[in-house]
Amino acid sequence: MTKEKKSEWNSNITFILAMIGSAVGLGNIWRFPNVLYSNGEGSFMIPYIVSLFLLGISFVLVEYAVGYKFKTSLSKILFKVQQKLEPAGWFILLIVFLITTYYVCVVGWDLIYVILSFTKVWGSNPDLFFSNNVLHSTDSITGIFTIVPTVLISIISIWFITWLIIQRDLNEGIGKVSRVLLPLLCIIVVVIVIFSLTLPGASIGYMQIFTPDWNALTNLNVWLAAFGQIVFSLSLGMAIALTYASYLPDKAKLVDNALIVAFSNSGFEVFNSIGIFSILGFMALSTGLNFNQLVTEGSGLAFIVFPQVFNIMGPSSQIIGPLFFLCILFAGITSIIALLEGVCYSISEKFDFSRKKTATIVCIVGVLISSIFATGAGSMILGVFDAFLNNFALLFAVLLECIIFGWIYDFDKLIDTLNEYSRIKVGKTWKTVIKFILPICIIGLWIQGVYTTLKDGNPVSLTIMTILTIVLIIVPIIFTKLPAKSKNYYEDI
Ligand code: PHE
C-alpha cells in the first residue's frame, strides 16, 4: 500500500488476536476432531505435540522473522532475496487465493446451515438433504452448467462481508473484526463444550481422547497425519504470519508472540474436540452404533453428522445447532480475511493500487472463481481443488519457503532478528529443523499426498488438476513480467 501510509498494528494484542483468528478455522473445528478420530485418538496427541513444537512453531518463526525483518509483501521480499525468485512469491499467493475461493464456498454452505438450523428443515435424512436440496449435486461434470442459486447467493454474501472488512484500514477492518469475533467464538465454544459434557453418553466420546492406542505410534501415517494437521491448522506456508508480522511495530517480541498464537490455536482445537467427541458419544449411545462407526471421512460431514445429532437432541438443539454453525462462520471469516491479506498486499505494492481498489478487484475475481462451486458439479470440483491444493500445492509452498529462507537466504540473520527483543531465544537447533528436518517431513507428506491424490483420481479430476497446474505456472510468470507501477518497487527495499 505504497500510496497510503504503511499499515501497522495499533497494539500487540490486535496482532495476536488477528493471528489466532487466522489460524482458528474450519481446520480446528471440524478437521482436527476428524483426524484425531481416525488416527488412534489418545495416542495421536504425542505426534501432534511433537509436530507442533518441532515443525509448526519453527516454521511460524521463519515467517515472523522474515515479515518483521523486511516489512514488506511476499513477492517483494522474494525479489529482494534473489530477483529470480519473484515468481515463487506469486506462485505461493496464487495457491493461497485459489484455496480461499473454495474455503469461501464451505463457509457459504455453513451460512445456509446457520439459517436452516433454526427450523431443522433437513428432516430425517440430512445426508440426502445436503446433496439434493442444498448442493443440488450432479454426478457428472455437465452439472457445471446448472447454477444453484442459494449456494451462489451465500458465496456472494461471504465475499461481500470479506470485502467490507479488508477494504478498510488494517486496524479498523481486520483488527476490529478479530477483536470482536474471536472472543465471541471462544464464548460459543465454551457454551457448546459445557453443554456437550452434560449429554448422556458424553464420556463414551471424550474418554476416547484420553485412551491411547499405543500401536498407532509406530504407524508412520499417524505421524504424517499429525504433521499435516499442524500445517493446515496453523495455516503454514500461506504467507499469513509473514504478512501480519510485517505490520508489527518495532521491538516486537516475536518468539513470545509465536508461542502464544500456536498454543492458543492448539488449545482451541483440543478443547473444542472434547465437545465434538462428547456429542459423538451421545450419538453412539442414542443410536446404538459403535463409536468408531459414526463418522467417515469428508469435508461436508459437519453438514451431515451434526444435523443428525441435532435431530436426536431435542429442544436444546434449537440453540446449540445455530451456535455450532455460527462458530464455524466466525472462525471461517477471520481465516478468509487473513488468507487474502497477503495476496492484496503484494498486488497493491507492485501496482500501487489503494487498499480499497485491490480488495475490490480481488473479491470480484474471487466471486467469479467461487461461482464454479455454486453449480451442480460444484462439490465435486471443490473436492478436487481441496485435494490438489492442500495435499500437493500447499506443501510445495512450505517446502519452497524452507529452501528459500533456510538455504538461499542467510539464515543467521533471521536468528538475530528473532532474538533481538524476545524473552525466549532460539538457537542453532532451529536452523537444523528448518534446513533439514522440516523439508524431509514435508517431502514425506508430499509423496503421500501425491500418491493418494493420483490414486483417487479419475479423468475429470485429473483434467481439473492439469488445468490448475497450468494456471499455477502461467499466472505467476505473468504477474512477475507485468511492470511495477513505480520503479521504486525494485529499488526502495
Ligand atoms: N488454519 C485455518 C483453518 O484451520 C485456515 C486455513 C484455510 C487452512 C485454508 C488451510 C486452508 O481453517
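## Lys 71, a loop residue

With a relative accessible area of 25%, Lys 71 counts as partly exposed; that label covers values between buried (under 20%) and exposed (over 50%), using a 1.4 Å probe and protein chains only. Lys 71 sits in the loop between helix H3 (45-70) and helix H4 (74-81). Helices here are DSSP runs of H or I with at least four residues, strands are runs of E with at least two, and both are numbered from the N terminus.

The backbone of Lys 71 is worth a look too: phi is positive, about 50 degrees, although the residue is not a glycine. Most residues other than glycine have a negative phi.

## About the model

You are looking at a predicted model, where local features need pLDDT of at least 70 and side-chain atom pairs count only at pLDDT 80 or more, while totals for chains, interfaces and linings use all residues. Residues are numbered from 1 along each chain as its sequence is written, and side-chain values use heavy atoms, with hydrogens and water left out.

## The ligand and its shell

Which residues come nearest to the ligand? Of the 14 residues around the ligand, they are Ala 23, Tyr 103, Phe 232, Ser 233 and Ser 235; a residue belongs to this group if one of its heavy atoms lies within 4 Å of the ligand. Helix H1 (12-23), helix H2 (26-38), helix H5 (86-119), helix H10 (220-233) and helix H14 (317-351) each give at least two residues to the shell. H2 has the largest share, with three residues.

Now for the polar contacts, meaning pairs of N or O atoms within 3.5 Å; within protein, one must be able to donate a hydrogen and the other to accept it, and residues adjacent in sequence count only if both atoms are side-chain atoms. A polar backbone atom of Ala 23 lies 2.9 Å from a nitrogen atom of the ligand, and a polar backbone atom of Gly 27 lies 3.1 Å from a ligand oxygen. In the side chain of Ser 235, an N or O atom is 2.8 Å from a nitrogen atom of the ligand. On its own the ligand has 310 Å² of accessible area, and the protein covers 100% of that (Shrake-Rupley method, 1.4 Å probe).

## Ser 235 up close

Ser 235 belongs to the loop between H10 and helix H11 (240-246). Like Lys 71, it is a non-glycine residue with a positive phi; for Ser 235 the value is near 50 degrees. Is Ser 235 buried or exposed? It counts as buried because its relative accessibility is 10%.

## Helix H13 and what covers it

H13 spans residues 305-313, and its buried residues are Val 305, Phe 306, Pro 307, Val 309, Phe 310 and Met 313. Their cover includes H2, H5, helix H6 (126-134), helix H8 (171-197), helix H12 (254-287) and H14. Contact here means heavy atoms within 4.5 Å. After H13 comes Gly 314, with a positive phi near 85 degrees.

## Buried residues in other helices

Lys 350, in helix H14, is buried, because its relative accessible area is 0%. A polar atom of the Lys 350 side chain lies 3.1 Å from the backbone oxygen of Thr 480. Beyond neighbours within four places in sequence, the contacts of Lys 350 include Glu 86, Trp 90, Phe 479, Thr 480, Tyr 489 and Tyr 490.

Thr 358, in helix H15 (residues 355-370), is buried at 1% relative accessibility. The Thr 358 side chain reaches the backbone oxygen of Ser 354 at 2.6 Å. Not counting residues up to four places away in sequence, Thr 358 touches Cys 344, Ile 347, Ser 348 and Phe 353.

Ile 112 is part of helix H5 and counts as buried at 10% relative accessibility. Its C-alpha atom is separated by 7.8 Å from that of Val 151, 39 residues apart along the chain. Apart from neighbours within four places in sequence, Ile 112 is in contact with Val 134, Thr 150, Val 151 and Ser 154.

Phe 271, in helix H12, is partly exposed, with a relative accessible area of 34%. Leaving aside neighbours within four places in sequence, Phe 271 contacts Val 189, Val 190 and Val 193.
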